[in-house]
Amino acid sequence: MNTKTDNAGRLTRITILDVASAAGVSKSTVSRVLDERLPRSDNETSRRVRKIAEEMGYVRDVSASSLRRGNTMTIGVIVPRLTDTVMAMLYEALVKACIKSGRFAIVATTDDKPKADRLAAESLLNRGVDGLILSTARKDDDFPDELAARGIPFVLALRTDGRSLSSIGDDKLGGYLATRHLLDLGHRDIGVIAGPSYASSSCTRVEGYLQALEEAGIAGCPELIISSTFGIDAGAIAAEQLMDLERRPTAIFAVNDNTAIGALSGLSRLGFSVPDDVSVVGYNDIPVVSHLPTPLTTLRVPFDQIASNALDLLTGGGIAADERIRVSAPTLIPRKSSARPRP
């Protein structure tokens, strides 16, 4: 019960003023005690205010308090699709980060299409979100510049355009670690399922792959780099293309786990055994890959840290020029899908 009857016999909502009057304190004291975003105080007055508010059935009006502050404490998140486990993991991490700061996250999906990104952003902004976190940035798209020109707060996550506020993984390091792992096992012919050229994450992982080869004195071979989408079917097709080369690779680095799973399927269909015939390394460490018949070696991405950094960049203000792009390091997780090549 969070209503009362006024002098005219009408039901009205219990307000902070009602709680303050019953507790014998000021309205500002009640507001401060009941504000869940602030550290919980534990003195006699605070306990009394909370007890009276509970007995009266007071419910904080989030929309009214947001209007007074000029914001809604709601963050809009735009992802390509939630059927992609990576994007679902990012969104869940953002939800957790928002909850810790008294905020709410609302998501829109766009199937990774630039026009849909714009429509989703407008829809979220029309619903009063305080800012946007986008994981759909493309290297060839000026949408972030359009948002900046309009003065709309936003941060890019997982992908970056190199200019905007961004929270990303250290993808070049991850690509380097994946390739270095395979080189250390003795592989020299290493194929790459490279992902799409419009995503900074996939391109930078390939840069790390090339850096590791260069350090090992191995010239990069364009034939061993196969462009793809981030999907499972694309991974299977790319693996088949790699194994159709005259000089087959003894190892494959897939720039995300979905394409790595596809590669495992494609290799099995062709009769190749992993890791006996071909080693495979993925990227992201989505939950399923440790439970595959051949558990997948992969790079673990710190989604919680990336989400926390994204929200901090969006809401913190006063960002120094040298921290406009925050980078979180991945961790190599060796499993059974990678081994030394056969003699």
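## Helix pair

Angles under 35 degrees count as roughly parallel, over 145 as roughly antiparallel, 65 to 115 as roughly perpendicular, and the rest as oblique. In this predicted model, local features need pLDDT of at least 70, side-chain atom pairs count only at pLDDT 80 or more, and totals for chains, interfaces and linings use all residues. Residues are numbered from 1 along each chain as its sequence is written, and side-chain values use heavy atoms, without hydrogens and water.

Helix 1 (residues 16-23) packs against helix 2 (residues 27-34) at an angle of about 105°, the axes being 8 Å apart. The two helices are therefore roughly perpendicular. From helix 1, Ile16, Leu17, Val19 and Ala20 meet Lys27, Val30 and Ser31 of helix 2 (contact: heavy atoms within 4.5 Å). Five residues of this contact are nonpolar, one is polar and one is charged.

Six strands form an open sheet with parallel pairing, in the order 4-3-5-6-7-13. Strands pair if DSSP finds at least two bridges between them. Strand 4 (104-109) and strand 13 (325-328) are the edges; each has a single partner strand, so one side of each lacks a neighbour in the sheet. Neighbouring strands are turned by 20° against each other on average, direction ignored.

Strand 7 (residues 166-169) pairs with strand 13 over four bridges. Ile168 stands opposite Val327 in strand 13.

Thr74 sits in strand 3 (residues 74-79). Thr74 is buried, at 17% relative accessible area (buried: under 20%, 1.4 Å probe, protein chains only). Leaving out residues up to four places away in sequence, Thr74 touches Phe104, Ile106, Val129, Asp130 and Gly131.

Helix 5 (residues 85-100) lies across strand 3, strand 4, strand 5 (131-134) and strand 6 (154-157). Helix 5 runs at about 160° to strand 4.

Notes:
Axes fitted to C-alpha atoms, helices over the stretch in contact; angles between N-to-C directions. Nonpolar A, V, L, I, M, F, W, Y, C, P; charged D, E, K, R; others polar. Buried < 20%, exposed > 50% of the residue type's maximum accessible area, 1.4 Å probe, protein only.
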